[in-house]
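Please consult the sequence and the model alongside the text.

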Amino acid sequence: MCLISLASAGLYAQSSGPVVTGMQTEHLIDPLGIDAAHPRLSWRLNGSERNAGQTAYALVAGTDSAAITEGRGTIVPAGRGTIWQTGKRPGPAQLVTYDGPPLQPFTRYYWRVTIWNREGQAVQGPVASFETGMLDQSHWKGSWITDTKDIRTKPAAYFRHSFSLTKTIASARVYIAAAGLYELFINGKRVGDHVLDPMYTRFDRRNLYVTYDVTKYLNNGSNAIGMLLGNGSYNLQSTAVWYFDKAPWRARPSFCLDLRLTYTDGSTETISSGKDWRTALSPVVFNSIYTGEHVDARLDIPHWNEASFIDTGWKNIIFTGVPSQHVVAQGSVPIRIRDTINAVDVKRFSDSDYVFDLGRNIAGVSRITVQGPAGTILRLKHGERLYPTGHVDQSNIDVHYRPTDDSDPFQTDIYILKGEGEETFQPRFNYKGFQYIEVTASQPVALQQNSLTGYFMHSDVRPAGTIQSSNPTINKIWAATNNSYLSNLFGYPTDCPQREKNGWTGDAQIAVETGLYNFDAITVYEKWLADLRDEQQPNGILPSIVPTGGWGYEWGNGPDWTSAIAIIPWDVYLFYGDPQLLGDCYENIKRYVDHINSLYPSGLTTWGLGDWIPVKSKTPVEFTSTAYYYADVVILAHAARLFHHDTDYTMYSRLAEKIKAAFNNKYLDAATGNYAQGLQTELSAALYWHLVPAPIIPKTAAVLAARVRADSVKLDVGLLGTKTILNALSENGYADLAYRLASNETEPSWGWWMKNGATTLYENWPINAGSDISLNHIMFGEISAWFYKGLGGILADTAEPGFRHIRLRPHFVTGLNEFSATHDCPFGTIVSHWQRTGDRLTYTATIPAGASATLTLELPGGGTQVEALVSGTHQFVWMAGEGKFRRG
């Protein structure tokens with residue numbers, strides 16, 4: 001096969017054209033250890049010129065990076081390390097699934113795309129790569145090992161293995177699957193910057209392994225691998241109302257490890273976990289992901305993870321069973337420490353009692369540096385608020401903890417000093433939600449403000465959006481929402497990082513748009529939806545928290561919460577244009593919907609929690625659960641059409657019509673447009689979930705607006721209502737009213753929290769509520785998504801998802817002089833910005849290369865102006881006295 005040289009033909013775009021960038025495999029940059037047999041390859045175009053886009057593409061992949069870069073054409077000579085070439089394919093696709101020969105395990109593949117722009121010029125992208133992992137469980141060589149202790153043993157175990165290398169290493173990879181958490185060391189150095197690996201799953205149904213490049217850690221000659229194995233959620237020894245201490249998978253932590261070496265002569269060798277490993281108990285005398293970590297530094301074993309260490313006094317390991325029959329690559333962005341936070345204040349009560357203030361609420365850990373006599377016991381108590389006396393108050397977050405004694409205090413680390421100079425302690429197998437840390441000591445210690453540091457940790461999702469406005473309260477709400485979202489993202493979305501750490505399905509589905517507008521979070525959601533699929537019962541039932549050890553199948557798991565199985569895959573599809581997650585969940589959504597249909601053949605369902613933590617008025621559970629049931633069935637019908645399941649499409653479309661009819665027959669007053677009691681949640685839910693018949697929408701929207709005004713333009717909603725109230729108003733002609741609610745600074749409101757110093761979102765509207773008052777909850781976080789939708793007007797188009805076509809409908813609300821929203825979509829950055837200056841209103845939009853938009857401008861004098869936009873930057877100006885916007 002010959003090489004087609006486009007460069008010599010003069011067909012390559014020069015520097016003024018679009019540039020191919022953002023190459024990803026499985027939505028990750030050059031990932032290691034993937035298990036996807038048909039990985040997804042994606043790219044972006046960067047170009048500032050108008051109407052920049054792609055008309056065709058050609059992909060080439062292989063194992064030889066030089067062959068991939070050879071020439072500048074669409075076809076690379078066969079037999080030169082290439083395994084797959086698409087040839088030139090017409091179309092704008094920038095997400096393509098590999099469909100070449102079967103991929104081999106432990107292999108690095110390189111790929112490159114060439115695109116053709118609208119002028120017919122070819123633009124070549126950079127070379128990207130991915131590396132396969134096991135691909136199949138049969139490729140593991142190591143054994144699952146543990147020590148001889150049982151689930152009641154509190155100290156964490158060390159494991160080590162020494163070996164010698166005589167050949168020159170080209171590359172080295174470690175593959176680790178663990179039931180529990182671990183830290184990995186090679187020759188005394190901690191490997192990587194991940195924390196809390198592997199991520200939490202339903203351990204008896206699916207286990208995750210992680211791949212590390214450890215080439216730089218190995219030496220010619222003697223080497224040693226060390227593992228410190230923590231409990232995580234696998235062997236949770238702390239007791240709380242969710243009975244995780246009785247989880248069916250619970251056992252002493254274990255692991256399986258393969259260190260695969262590739263030498264420069266092309267040969268390979270694997271060093272694995274097995275009978276020749278040794279184990280001993282570590283100074284980590286207790287560790288709980290839920291409560292804290294205890295370390296007795298006097299038990300330190302110097303150099304335990306180095307090759308020179310003599311381990312003859314250590315014990316033999318024992319073999320143990322595989323926790324599940326499904327061990328797969330983690331495949332998600334890891335959890336990392338992402339921010340270092342110095343204390344802004346320290347209050348000294350005595351020489352053995354100090355309270356540190358980080359100045360903001362975070363999820364993560366603290367690190368203390370201290371000096372004192374051997375045996376001095378430090379207790380680091382973490383909390384979100386203080387008593388009037390200035391001491392740490394945990395009464396808002398310890399309510400579900402059920403300790404059996406006083407040996408495991410809540411959110412408290414314990415460190416016993418070694419007494420050999422300055423010492424530093426930071427927990428490894430725990431995280432907490434906190435702003436304040438009270439340090440008490442059994443003997444006097446001297447601490448300064450810089451003695452303690454906080455570390456904000458979370459799934460390392462890339463920021464994908466920004467909000468900036470002329471109203472500082474809006475900016476603070478956006479930042480606080482991001483803080484709460486990230487504080488509740490640890491490989492799965494949680495409700496709060498302190499009291500529960502549970503993957504509540506309702507909180508997750510409410511906040512998914514906020515997550516996707518602000519962060520590139522697809523890999524976290526793909527991992528967590530696999531958790532949901534693992535937890536689903538054969539009859540379709542899902543639990544209210546995921547993962548779970550069994551709690552949640554009989555409480556809190558109606559459609560208003562467990563609609564996460566449908567809503568999240570659908571929103572991921574809309575944001576990324578990638579149907580894989582929706583396809584993976586299709587049969588699960590069907591089973592779930594079919595189960596509800598079998599229980600509630602009338603179309604109305606009373607199954608659910610309802611509008612959780614309302615301000616004052618409570619919408620009937622049947623109302624909100626039926627609305628969510630309808631939304632699920634509509635999503636299922638859309639998915640059936642997308643995947644060409646014609647019979648399903650017909651059946652579920654009819655079911656949706658049946659539910660809508662039953663809902664409106666019971667709750668709608670067609671003459672007035674009112675629903676049920678006419679509450680904010682009732683009216684906004686009917687509008688937002690598209691249950692209102694089209695001719696009646698204006699009436700219902702007017703009734704909703706009147707209700708909000710009658711409520712003194714204050715919120716009267718709970719969790720479900722916060723998802724719908726702002727959207728229903730701004731989508732139906734009342735954006736000014738929605739903005740007044742969103743920017744309100746009196747109780748109850750988001751702004752009231754900000755006015756009172758909040759740096760995260762709260763669980764309850766009253767700051768002094770007697771219960772349900774975590775100060776770091778994401779469940780009221782839809783407001784951030786509304787900033788993008790209701791003020792910036794950045795909306796996905798179901799007909800062309802992934803923002804290939806963007807629906808732009810900004811609202812120039814009264815009381816706000818300037819607003820800007822940016823969102824990094826699969827095609828690049830969307831910008832929606834508007835500003836008032838005197839009698840002048842300027843709107844600027846940037847459409848990324850490869851995308852287009854329909855812009856709807858609301859005219860200050862009434863009516864709308866519709867413009868079709870191609871990629872590039874566009875400006876529109878309205879002046880007082882003019883009838884329409886003119887292009888700037």
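The points below concern a loop residue, a helix pair and the salt bridges. The structure is a predicted model. A search of the whole structure finds 44 salt bridges, and the axes of helix 2 and helix 13 come within 10 Å. T814 lies in the loop between strand 41 and strand 42.

**Loop residue T814**

- The loop that holds T814 runs between strand 41 (805-808) and strand 42 (818-825).
- T814 has a relative accessibility of 55% and therefore counts as exposed, the threshold for that class being over 50%.
- Apart from neighbours within four places in sequence, the residues in contact with T814 are D736, Y739 and R836.
- With D736, the side chain of T814 makes a polar contact of 2.9 Å.
- R740 is 74 residues away from T814 along the chain, and the C-alpha atoms of these two residues are separated by 8.8 Å.

**Helix 2 and helix 13**

- Two packed helices are described by the angle between their axes and the distance between the axes.
- Helix 2 spans residues 472-487 and helix 13 spans residues 735-743; their axes come within 10 Å and cross at roughly 70°.
- Because angles of 65 to 115 degrees count as roughly perpendicular, helix 2 is described as roughly perpendicular to helix 13.
- Helix 2 contributes T473, I474 and I477 to the contact, while helix 13 contributes Y739, A742 and S743.
- By residue class, the contact of helix 2 with helix 13 comprises four nonpolar residues, two polar residues and no charged ones.
- Y739 belongs to the helix 13 side of this contact and is also in contact with T814.

**Salt bridges**

- R202 pairs with D204 in a salt bridge whose closest N and O atoms are 2.6 Å apart.
- R202 counts as buried because its relative accessibility is 6%, whereas D204, at 27%, counts as partly exposed.
- A salt bridge also links the side chains of R499 and E500, with an N to O distance of 2.9 Å.
- R499 has a relative accessible area of 3% and so is buried; E500 is likewise buried, with a relative accessible area of 8%.
- In the salt bridge between K789 and E782, the closest N and O atoms are 2.9 Å apart, and both residues are buried.
- Through salt bridges that share partners, E26, R40, E526 and D578 are joined into one network.

Conventions: Residues are numbered from 1 along each chain as its sequence is written. This is a predicted model: local features need pLDDT of at least 70, side-chain atom pairs count only at pLDDT 80 or more; totals for chains, interfaces and linings use all residues. Side-chain values use heavy atoms; hydrogens and water are left out. Helices (H or I, at least four residues) and strands (E, at least two) are DSSP runs, numbered from the N terminus. Buried means under 20% relative accessible area, exposed over 50%, partly exposed in between (1.4 Å probe, protein chains only). Contact means heavy atoms within 4.5 Å. A polar contact is a pair of N or O atoms within 3.5 Å; within protein, one must be able to donate a hydrogen and the other to accept it, and residues adjacent in sequence count only if both atoms are side-chain atoms. Axes are lines fitted to C-alpha atoms, for helices over the stretch in contact, and angles run from 0 to 180 degrees between N-to-C directions. Angles under 35 degrees count as roughly parallel, over 145 as roughly antiparallel, 65 to 115 as roughly perpendicular and the rest as oblique. Ala, Val, Leu, Ile, Met, Phe, Trp, Tyr, Cys and Pro count as nonpolar, Asp, Glu, Lys and Arg as charged, and the others, Gly among them, as polar. A salt bridge is a side-chain nitrogen of Lys or Arg within 4 Å of a carboxyl oxygen of Asp or Glu.
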